Every structure is written in structure tokens, then in C-alpha cells.
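Here is a friendly walk through the structure, written to be read with the model open beside you. Follow along strand by strand, then turn to the pocket and the loops.

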Amino acid sequence: PRNMLCGNTLGQRLTSLGAAFQHRLTAARAIAGTASRQIHQSTFVRDVQPYILPKIQFDQPLVKPEEKRPNVMKIIERESLARADVDGRSKLFVRRAHFKNRLCAGDVVFVETFNSMSDTSATSSFTGVCIAIYRRGVDTSFILRNMVLNVGVEVRFMAYSPLMKRIEIIQKAKKSKRAKLFYLRENPGRTFQLKALKKMAKSAASTATKK
Amino acid sequence: MIQLKSRLNVIDNSGALVAECIKVLRNARAANIGDEIVVAVKKARPISEKTSSSLSAAKIRKGDVRRAVIVRTRKEIRRPDGRYVRFDDNACVLLNNQQQPLGSRILGLVAAELRFKNWVKIVSLAPRVV
């Protein structure tokens, strides 16, 4: 079905756009190459690109077979999401997935992030209860809440940031009747009592050492 | 976003407990984590005869006016990679005129922004940095 759309004018335009983009990209890469060579000469830093270049992975635009007149912006968003979706974490944010596979409000989540892109060995981790999920394509984010030294800390992570190493659900919540659990700030209930916090910390520690 | 009249918890062992912002030392209305402010101490730990005789760090009384640096805010702050961090309260650490912490210990969590704003001593004293 995708090959059939090749004859479509939109398909042609998109492929030609893709080709033009690729041409400009090779030119940009050449400039980046000379820039990085200059960096090499001055600071002797190896393998540092001056900026992150997206890898073009799609020869054909990601059009679904049922879309007769595809929307270009939708396809571009879909492609940027597919490009950013390393290790398949988009499965956590699919709305219609099974309850046990997708990220829900109320789950205990362990997140590991790189501290910088140049040194991928240094990581920091954060565990917490997911109190909100914002599904916005590539800008998908979620908020984790935890008590650290008796102070509540909330961190909002961008799911497809290249600094995110991995996202793991360590405890599934029983179905909450809400999508946003902001009431936990005033009424923590059993979620943030000492016993629950200790259990969270223990399972986070075991997840951290697992990989 | 701490501005005039904002109350902050003081999380060092200087003796103050609650401080109120009376001046933001920036050409702006509100201050964020890592900014210096002038505070008036609203609540302090009682100073008994015993403690006043010992050479403790500093004797902060209610009504003292001191400088402070903000270490936690309830307003979320943005990190360069798009992350946002928010704490459940506003907290500060009292400083002397040489921008050194008045207390000798920090009793709580501080934000990592302090490291990038050159509050090295506070970050090293803090038990936990997020």
C-alpha cells in the first residue's frame, strides 16, 4: 500500500522534499565536519558534534494505508516521534494499550537520566509516583512525585529527551479514578507514608542495580 | 518566585526558622533558586543562657535582618533539558555579608541549581541535592 502511494503527487512531493532535505543535510554535515575539525585542532576533543543532527531514517513518509489525503504536519510529527523513540518507550504512552503495559497515573516509576551527552557513564536516577501524564507526541512528559528528606519533590520529565536513559514502571497502581493526581499534594494518604516510601526506595534500588 | 513578603523556611542551623523576604537583590520583582535576597527573621529558635555562652555559629534573633540565598521554591524551575523541578516549600539559607553561610550545617534538601550559580559551599554542606 505504501508503494502505491509513491505515484501519488503528495508522495512525490514528500520524497522530493526528503531528497532536498538530505542534500541540505549533507551540506550541513560538511560544514559541521569542518567545524568539528576546527574544534579538533583547537581543543583536541574527540567525536563532538557542534549540534545534534537527526538521522533520516524514512525513505518513504510514514503514511498509514487508510489515510487517503495525509496531513504533512501529522506525518512530520509521527516521524519525529519514531526517530526519538529509542528502546520503544512510546508503548508506555499509548492510550489504548492494556492497563498493565501503559504508564498510568499512580504508578511508581523509576527514571534514569544521563547527566550529560558527552559522558554517558554518569547517570542520576529518580523514583516517584506518576501524578500526571501529558501526551503531546514528541513533547510527551510526565510528573513524578516523591518525598526526599521529608520534602515533597516533583520532577517533570520529557519522555523523549535524549538524556533519558530508561523509564521503568516498578509498581503498577490499582486503577485510580483520575488522570491527574494533584490531590496527593494535600492528601498524601497511604501513598507517601513511611512504609510505602521504604518499599518504593527498595524496589528503586533493585531496579537501579538490575541493568 | 520569591518576592516581597514571601515567607521561607530557613534550613540551616543558624537559629532562625522562618524568614520573610524584604528585598530581592536583582533588578526584578521575583527571585528564584540561587538568587540572593534580604530577609527579616520572623521566627527563631529560643536562645537560652546555655547556648548564648557557648561559641555557636551565630545568634539570630527574631527581627534580625540578614541576607539569604533561596535553595528551594514551590514554583517549578526549568532545567536545560526541559525537565521541571518543584519542591513543596520555599526554603533559604542565611548568609553573612561575605556571601558565606551563617550556619555550619544545612538540614535538608537543596536544588542543584545552586551549583551552577556558584554556591559551592552550600552544595557541599547539603545532605541531599536534587
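## Strand pairing in chain B

In β4(B), B:Arg67 is the bridge partner of B:Val38. This is a predicted model, in which local features need pLDDT of at least 70 and side-chain atom pairs count only at pLDDT 80 or more, while totals for chains, interfaces and linings use all residues. Residues are numbered from 1 along each chain as its sequence is written, chains are lettered from A and ligands numbered from 1 in the order in which they are written, and side-chain values use heavy atoms, with hydrogens and water left out.

Strand β3 (residues 36-44) of chain B pairs antiparallel with strand β2 (residues 16-24) of chain B over seven bridges. Within that pairing, B:Val39 in β3(B) stands opposite B:Cys21. β3(B) is also joined by five bridges to strand β4 (residues 65-72) of chain B, again running antiparallel. Two strands count as paired if DSSP finds at least two bridges between them. Strands themselves are DSSP runs of E with at least two residues, helices are runs of H or I with at least four, and both are numbered from the N terminus. As a reminder, strands of a sheet pair through backbone hydrogen bonds, either parallel or antiparallel.

## A sheet built from both chains

Which strands make up the open sheet of seven strands? The order is β5(A)-β1(A)-β2(A)-β3(A)-β4(A)-β6(B)-β5(B), with antiparallel pairing. β5 (164-171) of chain A and β5 (77-78) of chain B stand at the edges with a single partner strand each, so one side of each has no neighbour in the sheet.

For the place where the chains meet in this sheet, look at β4(A) and strand β6 (residues 84-87) of chain B, which run antiparallel and are joined by four bridges. There, B:Arg86 in β6(B) stands opposite A:Glu154.

## The two chains overall

Chain A has three helices and five strands, and along the sequence they follow the pattern α-α-β-β-β-β-β-α. Among contacts in chain A (heavy atoms within 4.5 Å) between residues at least 6 apart in sequence, 57% join residues at least 24 apart.

Chain B has three helices and nine strands, in the pattern β-β-β-α-β-β-β-β-β-α-α-β. Of its 130 residues, 48% count as buried. For contacts in chain B between residues at least 6 apart in sequence, the share that joins residues at least 24 apart is 53%. The C-alpha atoms of chain B fill a box of roughly 50 × 30 × 25 Å along the principal axes.

## The second largest pocket

About 650 Å³ of space lies in the second largest pocket. Of the 20 residues lining this pocket, the closest to its centre are A:Asn115, A:Ser124, B:Arg79, B:Arg83 and B:Ala112. A pocket here is an open set of points on a 1 Å grid over the protein atoms alone, where a 1.4 Å probe fits, with protein on both sides within 12 Å along at least five of seven lines; lining residues have an atom within 4 Å of a point. Grid points are joined across faces, edges and corners, and the volume is the space filled by probe spheres set on the points.

Which element gives the most to the lining of the second largest pocket? That is β2(A), with three residues. The lining residues divide into 10 nonpolar, five polar and five charged.

## Loops and a helix to look at

A:Leu149 lies in the loop between β3 (141-148) and β4 of chain A. The phi of A:Leu149 is near 55°, a positive value in a residue other than glycine, and A:Leu149 is partly exposed at 47% relative accessible area. B:Gln99, in the loop between β7 and β8 of chain B, also is not a glycine and has a positive phi of about 60°.

B:Ser104 lies in the loop between β7 (91-95) and β8 (109-110) of chain B. B:Ser104 and B:Leu125 are 21 residues apart in sequence and 8.1 Å apart in space, C-alpha to C-alpha. B:Ser124, in helix α3 (residues 120-125) of chain B, counts as exposed at 56% relative accessibility.

Notes
Ala, Val, Leu, Ile, Met, Phe, Trp, Tyr, Cys and Pro count as nonpolar, Asp, Glu, Lys and Arg as charged, and the others, Gly among them, as polar. Buried means under 20% relative accessible area, exposed over 50%, partly exposed in between (1.4 Å probe, protein chains only).
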